[in-house]
Amino acid sequence: MKVKVIPVLEDNYMYLVIEEHTREAVAVDVAVPKRGPRAGQRRAGASVARAGRAGRRRAHLRADPQADARRGAAGDALSVAGCGPRLEGTAQQMYRSLAKTLGILPPETKVFCGHEHTLANLEFAQKVEPCNDHVRAKLLWAKKRDEDDVPTVPSTLGEELLYNPFLRVAEESVRKFTGKVAPAEVLEALCRERASFEHAAEPLQPQARALLALQWGLLSTPDRSEPRVDPPWGQVAHPSSPDP
């Protein structure tokens, strides 16, 4: 059994899980139905038996009896060095999903996430744990992959436990960053901090850039004390200036 990664849209991934003996395949997390299964099966020489979506919080795992390995399509629940936003449910439920469901799987379990957010996730992870050598090494690796336009998936669960702050809520360094102790509270604080981190990294809109430039003194308002010069084709009536 093998898994083919199919990049689609801006940063999405779909997957084609292929049974090499029968050449049958299952399409997972089909964001673009007309593109993914058809394009993937043509390249892989397989026929798609069915298609499905991993969903926001569901993680699908299927054992590979030949390789004795596990593969998981995590959707948005878990990504490389990160996790999905808490769109519904409580922080305790999210912690249970990450730590008690995904976190107890074998460390060799391969994680196939739904989006390519690895670089941004690792930059946030470095902010959380600046002294974590695993984060630093993975970030350098991800930057090289990004430069070469190569996917960073899959990772393994064992690797995620070394550098993913959302799976490291019991670590003292992560607790210190959030100022919390209880795992669910640490996780909730991490989600808030990540939202602020992502907001700060977003490019400013033109109006915001102009306002910021004005605040920094790069733009100036007209000086009403300067004499006004009429154009050469005649005098123009100027609005009267308010009295000082």
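## A guided tour, helix by helix

Start by selecting α3 and α4: Thr118, Leu119, Leu122, Glu123, Ala125 and Gln126 in α3 meet Val135, Arg136, Lys138, Leu139, Ala142, Lys143 and Asp146 in α4. Sorted by class, this contact holds six nonpolar, two polar and five charged residues. Keep in mind as you look around that the model is predicted.

Now turn the view until both helices can be followed from end to end. Their axes lie 9 Å apart, and α3 and α4 pack at an angle of about 155°. Since angles over 145 degrees count as roughly antiparallel, α3 is therefore roughly antiparallel to α4. Viewed as a crossing, the pair is left-handed.

**Next stop: α3 and α7**

The crossing of α3 with α7 is right-handed.

Which residues make the contact between α3 and α7? On α3, pick out Ala120, Glu123, Phe124, Lys127 and Val128. On α7, pick Leu190, Glu193, Arg194 and Phe197. This group divides into five nonpolar, no polar and four charged residues. Glu123 is worth a label, as this α3 residue takes part in the contact with α7 and also in the contact with α4.

Bring in helix α2, which covers residues 91-102. The axes of α2 and α7 come within 8 Å and cross at roughly 100°, so α2 is roughly perpendicular to α7.

To show this contact, select Ala91, Gln92, Met94, Tyr95 and Leu98 on α2, together with Pro183, Ala184, Leu187, Glu188 and Cys191 on α7. Colour them by class and you will find eight nonpolar residues, one polar and one charged.

**Into the largest pocket**

Switch to a surface view for this part of the tour. The largest pocket has a volume of about 440 Å³. To find its centre, select Glu10, Asp11, Glu116, His117 and Asp146, which are the closest to it of the 19 lining residues.

Which elements give two or more residues to the lining of the largest pocket? They are β1 (2-8), β2 (12-19), α3 (118-128) and α4 (133-147). By class, the lining has nine nonpolar, four polar and six charged residues.

**Two backbone details to finish**

Hide the surface and go to the loop between α4 and β10 (155-156), where Pro154 sits. Zoom in on the peptide bond from Val153 to Pro154: this bond is cis, with omega near 0°.

Then move to the loop between β7 (78-79) and β8 (82-83) and select Ala81. Although Ala81 is not a glycine, its phi is positive, at about 65°. Why stop at such details? Because most residues other than glycine have a negative phi, and most peptide bonds are trans.

Notes
Residues are numbered from 1 along each chain as its sequence is written. This is a predicted model: local features need pLDDT of at least 70, side-chain atom pairs count only at pLDDT 80 or more; totals for chains, interfaces and linings use all residues. Side-chain values use heavy atoms; hydrogens and water are left out. On a 1 Å grid over the protein atoms alone, a cavity is a set of points where a 1.4 Å probe fits but cannot get out, and a pocket is an open set with protein on both sides within 12 Å along at least five of seven lines; lining residues have an atom within 4 Å of a point. Grid points are joined across faces, edges and corners, and a volume is the space filled by probe spheres set on the points. Helices (H or I, at least four residues) and strands (E, at least two) are DSSP runs, numbered from the N terminus. Ala, Val, Leu, Ile, Met, Phe, Trp, Tyr, Cys and Pro count as nonpolar, Asp, Glu, Lys and Arg as charged, and the others, Gly among them, as polar. A crossing is left-handed if the near helix is turned anticlockwise from the far one by less than a right angle, and right-handed if clockwise. Contact means heavy atoms within 4.5 Å. Axes are lines fitted to C-alpha atoms, for helices over the stretch in contact, and angles run from 0 to 180 degrees between N-to-C directions. Angles under 35 degrees count as roughly parallel, over 145 as roughly antiparallel, 65 to 115 as roughly perpendicular and the rest as oblique.
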